[in-house]
Amino acid sequence: MKENKVLLKIEDLKVYFNTYAGVVKAVDGVDLSIFHGESFALVGETGCGKSTVARAILRLVPPPGRIVSGRIIFDGIDLMKLPEDKLREIRGSMIAYICQDPTSALDPLFTCGYQIAETIVSHNSIKWNDAWNKSLKLLLHVAIPEAKKRLRNFPHELSGGMKQRVVISMSISNNPKLLIADEPTTALDVTIQAQIMDLIKSLKDKYNMTLLLITHNLGLVAEYCDRVAVMYLGKIVEVADVYELFERPLHPYTQGLLRAVPNPLKKVERLYPIAGMIPSPINLPPGCRFHPRCPYVMDRCKVSEPPLVEIGQGHYVACWKYVKGEVHEAIH
C-alpha cells in the first residue's frame, strides 16, 4: 500500500435480486474503503456476493438484480448519483473491469485489434490509426506472442490465456485509476494463472493503478494483495492486512477457510472442512448468518447481528465474541 488516501469508499451497499422463490439479498449492507495504490482482495465462497459488489461499483448489476441502497464514492465522485452518460465516461477509462470469462468479454464478430482500438477511441480524441498503433503497444506490454498478428485475429482463434491478455490490454488502454479483476484466472490452467497474476501485478505497478481482486483463492491473496476483506452470505465478516489475517484470523469463518486450505510449509497436515451447509440466501438465519456453522455460537448470535468493529489497527471483525471482549485463539 503506497498511500493512505481512500480511492473507493462503499457505504451500506445493498443489492437484491427479486426471484419467483423470494428476494435474494446478494449484498446486504457492505462497507469498504480501498486506498490509492493498494492491492485489495475480496474473498469468500462461491455465491457470497463478491462479484455482485464488483458489478455494483460500475452499476452493471444484471436484472432481476437492483441496487437497493448505498453510496459508492470513487475519487470524490458519488457514482450512484451520476447520470448514465457520465458513468459511461468513467467505465473503461477511470475504472476498468476484467471479468472471469474472457470469451464472454470479447465480441466474436470483431478482431482483437479492433476491440482494443475501439476502447481507446471511445474515451479519447485520437485518430483510428493512432489507436491501432497503441493497441499493438498494449499487446506487446501484456507479452502476447506475435502481437502484430494477434491484432487481426478473432477471439475464437486465440487460447484462453491469450484472450485474457487481450482483455487485460483493453482494461489498461486508458490508464485507469482502479482495476477490478473478477476472478481473472478461473478459466485458466495453473501455469497460465501464475503468468496472468504476475502480469496484472506488474502492470498495476507500472501504471500506478489500484487493484481490487475478487477471488476465492487464498493463495493468490497471500502472494499478491496488501489487504483483504472476507465475505459470507452478502456480509463483510473480517477486514485486515493480509499478513495479519493469515497470522491471526479472528472470525470463525475466516479460521475455517484457512483450516481447509493446504499449507505447503507443513509436511503432514490434516485439513478440516467447515461444518454444515451454506444457508439458502432466500431464507437467511436470524442474527449472525454464520451461527448455524459456528463452533463458538452463543445465544446472542442466534438473535442479533454483530457489528463490524475494529479489534486492532486496521483489523475489523463482525463477531459477538470480540464485541463482548472474549477473544479466542485462532486455530491454525
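**Close-up views of a predicted chain**

View 1. Strand β4 and strand β5 (residues 77-78) run antiparallel and are joined by 2 bridges; two strands count as paired if DSSP finds at least two bridges between them. Look for F74, which stands opposite I77 in β5. The hairpin of β4 and β5 has 2 residues between the strands, and there D75 takes a positive phi near 50 degrees.

A word on the model before moving on: this is a predicted model, in which local features need pLDDT of at least 70 and side-chain atom pairs count only at pLDDT 80 or more, while totals for chains, interfaces and linings use all residues. Residues are numbered from 1 along each chain as its sequence is written, and side-chain values use heavy atoms, with hydrogens and water left out.

**View 2. Strand β1 pairs with β4.** Here strand β1 (residues 6-18) and strand β4 (residues 65-74) run antiparallel, with 8 bridges joining them.

View 3. A handy landmark is K9, opposite S33 in β2.

View 4. The order is β2-β1-β4-β5, with antiparallel pairing. β2 (23-35) and β5 stand at the edges with a single partner strand each, so one side of each is left without a neighbour in the sheet. As background, strands of a sheet pair through backbone hydrogen bonds, either parallel or antiparallel.

**View 5. The sheet's setting is a chain of 12 helices and 12 strands.** Both are DSSP runs numbered from the N terminus: helices are H or I with at least four residues, strands are E with at least two. The C-alpha atoms fill a box of roughly 65 × 50 × 40 Å along the principal axes. Of the 332 residues, 50% are buried (under 20% relative accessible area, with a 1.4 Å probe and protein chains only).
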